[in-house]
Amino acid sequence: MHITAEWEQARATADTLRVLWPGHNEDGLWRVTVRKILRLIEARIGPLAGTVTIRSTLPLGKGMGSSTAIVIALARCFLGQNCKDEARAIEDVVNKGHSGLDFAAIWEERPVVVQNDRYEFTEVPEGLRRGFLIDTGLPVAPTPVIVARLKKRLPKQKALMDSVQTIGNCTERLLSGENPLTVFPDHYYGQVHLGVVPARVRWLIEKIQQSGGAAKAARFGGARGGAGMLFAIHPKTEVLKQIVGGEAISLIYDSSRHCFIKA
């Protein structure tokens, strides 16, 4: 799954820059994001003219790093392949307060582990190399908004830190080789205690757990709406497909290319 950007430079210097993105309205959220990124690029290299065409096979706004992917695609399109520092500076503006995880993984196009401001390459643990993506719908609020609300609650509700610690420990357990079927439920309950899993998403995850599988929400949600994409694992494919209505995308990890592909 990718987002790509191509620029056809205008012949006349008086021309402006047009954005072509099939399926997206001129005043839509994602077009507005693109314009914001382009203004930040123009602030570095001057006015742009011509046509930039964007194509996407990535679910937008559903915890798959789509806004970061747009930043990187446009930065590489206009600033060259080695514009990491410039792209990261644009990311800091567009996705203020980001963790750095999406940027590192998308820039490098391979799995990474982030700690503080540093990251290192890793391999996907064996138990995570086959799974399913399930679309639970758009969250009602962007991740930064939900995180900001959480930060306000943390000083008043110390018990929330236990949930944060539980979620962090799950990463260590997965990297040590523990079966995701035993790790994901603890991660899920940690998120539930933080109040970031919408009711209908909780119902779906618990249904998957009761049938012998497990699932992890890609991003935080609120009291209503969805939580973006779920990554689910299940020893019985047909059972999972019955639960989700056969709409799950089956994935397998290609270790030679360091990425997931459709199975």
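**Loops, then helices**

Reply: Glu109 is partly exposed, with a relative accessible area of 48% (buried means under 20%, exposed over 50%, partly exposed in between, with a 1.4 Å probe and protein chains only). The model is predicted, so local features need pLDDT of at least 70 and side-chain atom pairs pLDDT 80 or more, while totals for chains, interfaces and linings use all residues. Residues are numbered from 1 along each chain as its sequence is written, and side-chain values use heavy atoms, without hydrogens and water.

Glu109 lies in the loop between helix H4 (101–108) and strand S4 (112–115); helices (H or I, at least four residues) and strands (E, at least two) are DSSP runs numbered from the N terminus. Its phi is near 55 degrees, a positive value in a residue other than glycine. Most residues other than glycine have a negative phi. His258 also has a positive phi, about 60 degrees, and sits in the loop between strand S9 (249–254) and strand S10 (259–262). His258 is partly exposed, at 23% relative accessible area.

Ser163, by contrast, is buried, at 6%, and belongs to helix H6 (residues 159–175). Leaving out residues up to four places away in sequence, Ser163 touches Gly190, His193 and Leu194, where contact means heavy atoms within 4.5 Å. Ser163 and His193 are 30 residues apart in sequence, yet their C-alpha atoms are 6.5 Å apart.
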